[in-house]
Amino acid sequence: MPHLVLDKVSVHYDGQPAVERVSIDVAKGDFVVLVGRSGCGKTSLLNVAAGLVEPARGVATIGGSPITGPGPDRAVVFQNDALFPWLTARENVAFALRLRGVPQAERGRRADDLLKLVKLEGVGDKHIWELSGGMRQRVGLARALAAEPEFLLLDEPLGALDALTRERMQTTLLDLWTAAQVGVLMVTHGIEEALVLATRIIVLAPGPGRVVRTFETGFSRRYASGEPIRSIKADPAFAAARGELTDAIFEGEPA
Amino acid sequence: MSVTSYNERPTIKAGETDTISVPWSRPRPKRSWISSRAVSAVTILVVLAAWALSARLQLVSPVFLPSPAAVWTKFIVVARDGFVDATLLQHIVASLGRVFAALVAAIVIGVPVGLAIGISTVGRGIFDPLLEFLRPIPPLAYLPLVIIWFGIGEPSKILVIAIAMLAPVALSTASGVRGVSQERINAARSLGATRVQVVRHVIVPSALPSILTGLRIALGAGWSTLVAAELVAATRGLGFMIQSAAQFLVTDVVVMGILVIATIAFVLEFIIRRIERQLVPWAGKD
């Protein structure tokens with residue numbers, strides 16, 4: 001089973017350390033969430049995994065081979081959807097297939113399947129600017145899945161959405177994670193979001209970014225095996241985990 | 001933690017809410033008593049009236065300023081019978097043909113040059129100084145050199161216009177390329193796009209609104225070098241028509257030619273704006 005591994009990775013910007021010796025191991029089927037205060041290097045680590053940033057020290061590997069650049073085995077979804085406004089929703093989703101030279105009819109069919117998977121049936125012909133923020137982010141997810149990645153890298157994908165849309169998107173993310181059989185590495189600011197989605201939460205602290213704690217959590221697996229999300233959030237264990245995670249994130253910071 | 005501070009805010013009692021109006025929540029429709037278009041129309045009418053009046057009162061000799069009626073009559077006559085062996089339409093077609101040939105040349109050379117400036121440091125190093133050198137030179141200054149090098153045929157005329165168009169096209173393209181969002185490029189790369197595919201599928205379409213703006217500016221620049229270009233042994237064209245008329249002091253044809261050139265420029269600008277809306281409907285929406 002392939003692993004996405006960051007091994008003692010340090011990232012420097014202009015010679016200044018932003019991340020110091022962080023190790024992360026994501027297996028296929030894992031949902032690893034990075035949380036922490038601003039400046040803890042969450043996004044830098046995601047970019048190292050994506051191959052967009054080269055680590056100053058340490059190595060990033062996928063399936064044992066070093067990561068030298070971006071690739072469709074690790075599709076990225078950004079906070080600002082980064083969709084292509086000159087293409088329709090369907091053409092956006094089919095982008096990765098078009099790059100590979102998949103014939104038009106075939107890629108249209110597969111794009112429609114993916115739009116269905118993200119609950120956007122029937123919007124294939126719409127232009128991007130006709131869609132709401134939540135819909136655009138769904139198109140972004142479908143576009144990433146079209147590349148048939150082994151890992152999904154999510155950089156605060158729900159960060160720009162309103163609270164209610166966000167909540168709905170969380171279950172969509174879990175459904176996709178289960179359906180697509182991928183490993184996920186995600187960055188978020190949301191404490192509850194981390195608990196709902198993750199199988200493992202890595203808490204980072206700034207100055208320079210380093211791991212302060214790791215939580216193994218089981219709430220998302222409970223959702224995957226059929227428990228409703230409301231009942232999970234109402235579980236006292238959820239509230240307890242929430243308190244513990246909050247303490248870990250703000251540890252050492254004056255209240 | 002101090003939560004109490006929230007309670008210190010003035011509270012709104014039940015039943016009071018509908019009397020509270022937030023001043024910025026309902027902006028009043030702007031009721032301007034006059035539109036800028038109306039002002040423009042009046043301005044044009046006033047200028048025309050002043051022109052007609054000064055011609056009627058013979059404040060200046062008709063050789064210097066023919067009356068609007070004389071210009072209009074000349075327009076009809078030249079449109080029907082022609083001037084210096086060609087009808088007005090033939091002059092217009094000749095000029096438009098040159099300008100559009102030059103535009104094609106400027107696109108074929110300028111867009112790739114602009115892409116090179118925007119994408120690669122080496123490309124920028126090569127083309128930036130050349131364009132900056134070329135840009136401020138007035139067409140009349142390089143006209144003699146173009147004639148010496150390329151003769152007095154049609155290619156020279158097109159080249160003079162194309163040179164004026166090259167910088168706007170290339171520089172707008174370059175600025176469009178530099179404005180492409182890095183996230184879009186990263187997204188495409190993470191979906192498996194090669195360098196060439198990023199240029200073709202992300203950078204060029206992203207820069208398209210800017211490229212079209214460049215074409216609009218270029219068309220204006222090219223159209224305004226028309227007279228200079230047609231100084232070179234032309235037998236047709238609006239610029240040529242004006243120069244011939246000037247040599248024989250046929251001032252009404254000169255004025256008529258100027259108005260035709262201005263009108264065509266206005267129409268071209270209008271058409272390109274329509275094309276922009278058709279081609280890049282997303283511009284300004286993302």
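Biologist: In this predicted model, how many residues of chain A are in contact with chain B?

Modeller: The contact joins two sets of residues, one from each chain. Chain B contributes 16 residues. On the side of chain A, the count is 23 residues.

Biologist: Which elements of chain A give two or more residues to the side that touches chain B, and which class has 18 residues there?

Modeller: The elements that give two or more residues are β6 (74-77) and α3 (95-99) of chain A. By class, this side of chain A has three polar and two charged residues. The class with 18 residues is nonpolar.

Biologist: What is the strand order of the open sheet in chain A, and which strands stand at its edges?

Modeller: The open sheet has six strands with mixed pairing, in the order β6-β7-β8-β3-β9-β10. The twist averages 20 degrees from one strand to the next. Two strands have a single partner strand each, so one side of each is left without a neighbour in the sheet. These edge strands are β6 and β10 (210-216) of chain A.

Biologist: How many bridges join β6(A) to β7(A), and which residue of β7(A) stands opposite A:V77?

Modeller: β6(A) and β7(A) run parallel and are joined by four bridges. One bridge partner in β7(A) is A:F151, which pairs with A:R74. Opposite A:V77 stands A:L154.

Biologist: In which sense do β7(A) and β8(A) pair, and what is the handedness of the β-α-β unit that they make with helix α6 of chain A?

Modeller: Strand β7(A) pairs with β8 (residues 183-187) of chain A over five bridges, in the parallel sense. Within this pair, A:L153 stands opposite A:L185 of β8(A). Together with helix α6 (residues 163-180) of chain A, the two strands make a β-α-β unit that is right-handed.

Biologist: Are the residues of β7(A) buried or exposed?

Modeller: Strand β7 (residues 151-155) of chain A is mostly covered.

Biologist: How are α3(B) and α10(B) oriented to each other?

Modeller: Helix α3 (residues 88-119) and helix α10 (residues 238-247) of chain B pack with their axes 7 Å apart, at an angle of about 125 degrees. The contact is made by B:H91, B:I92 and B:S95 of α3(B) and B:L238, B:G239 and B:M241 of α10(B). From the angle it follows that the two helices are therefore oblique.

Notes. Residues numbered from 1 in each chain as written. Chains lettered and ligands numbered in written order. Predicted model: local features only at pLDDT ≥ 70, side-chain atom pairs only at ≥ 80, totals over all residues. Axes fitted to C-alpha atoms, helices over the stretch in contact; angles between N-to-C directions. Parallel < 35°, antiparallel > 145°, perpendicular 65-115°, else oblique. Contact = placed C-beta atoms within 7 Å. Nonpolar A, V, L, I, M, F, W, Y, C, P; charged D, E, K, R; others polar. Buried ≥ 20, exposed ≤ 12 C-beta atoms within 10 Å, placed from the backbone. Pairing = 2+ DSSP bridges. Right-handed = clockwise from strand over helix to strand, strands pointing away.
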